[in-house]
Amino acid sequence: MAQSPPRSGQPPIQQLQTVADLLDKPALARLYAYILQHGPVTVSEIVDTIDIPQGTAYDYVQNLETAGLVDKTHNQRPYGYDAESITLTLSTDNETQTITPALIEAVARRDEDEDIDVYIERHGLDGLAVALEYAYEYVDGTVNHRIAARELDLSPLETEIILQALEPVATEYTDAVA
């Protein structure tokens with residue numbers, strides 16, 4: 001059910017807690033997404049690029065490293081860090097949802113994109129994950145906002161707003177889904 005980096009050697013529950021933190025803390029999600037996309041990177045590069053305090057960046061990197069989601073790429077200072085793509089599938093009763101790097105990236109944009117933040121407040125992370133799936137189809141041109149609105153049971157306006165907000169994420173991660 002849960003697929004995580006094989007190199008971690010960390011207990012699955014500890015990794016699950018870290019993934020939950022990624023979904024709860026947009027700054028942590030932004031840091032993980034940055035390392036995943038640009039790694040190997042140093043903490044100084046992270047601080048300069050994503051504008052989080054240095055102490056917070058070191059704490060976040062240490063937490064991700066402890067959970068096995070980030071590794072040092074060399075043993076000399078300044079340390080470089082690289083992240084491995086994670087996929088975590090959760091199932092309850094008849095519902096299944098997969099946490100992907102794209103979903104983490106969408107959460108990372110929550111602080112900077114009010115449309116994503118409002119959508120999460122209204123529909124939760126599960127709603128965001130489903131909207132992200134439609135965003136891939138929207139970017140691909142196989143669905144428009146009206147079809148997605150009908151299937152998501154949302155107004156066409158709200159659907160268009162979230163699809164446009166998620167379009168950069170879907171575009172960036174399309175190859176990972178294909």
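D93 counts as exposed because its relative accessibility is 82%, the class being set at over 50% relative accessible area (1.4 Å probe, protein chains only). The model is predicted, and local features need pLDDT of at least 70, side-chain atom pairs count only at pLDDT 80 or more, and totals for chains, interfaces and linings use all residues. Residues are numbered from 1 along each chain as its sequence is written, and side-chain values use heavy atoms, with hydrogens and water left out.

D51 also has a positive phi, of about 55°, although it is not a glycine. This residue is located in the loop between α3 and α4 (54-66), and its relative accessibility of 68% places D51 in the exposed class. Most residues other than glycine have a negative phi, and most peptide bonds are trans.

The bond from G39 to P40 is cis, with omega near 0°, and P40 belongs to the loop between α2 (26-38) and α3 (43-50). The bond from R77 to P78 is likewise cis, with omega near -5°; P78 occupies the loop between β2 (70-72) and β3 (81-83).

D140 is placed in helix α6. At 57% relative accessibility, D140 is classed as exposed. Over residues 110-174, the chain is 83% helix and 0% strand, with the end C-alpha atoms 20 Å apart.

Definitions and conventions. Helix = DSSP H or I, 4+ residues; strand = E, 2+ residues; numbered from the N terminus. Buried < 20%, exposed > 50% of the residue type's maximum accessible area, 1.4 Å probe, protein only.
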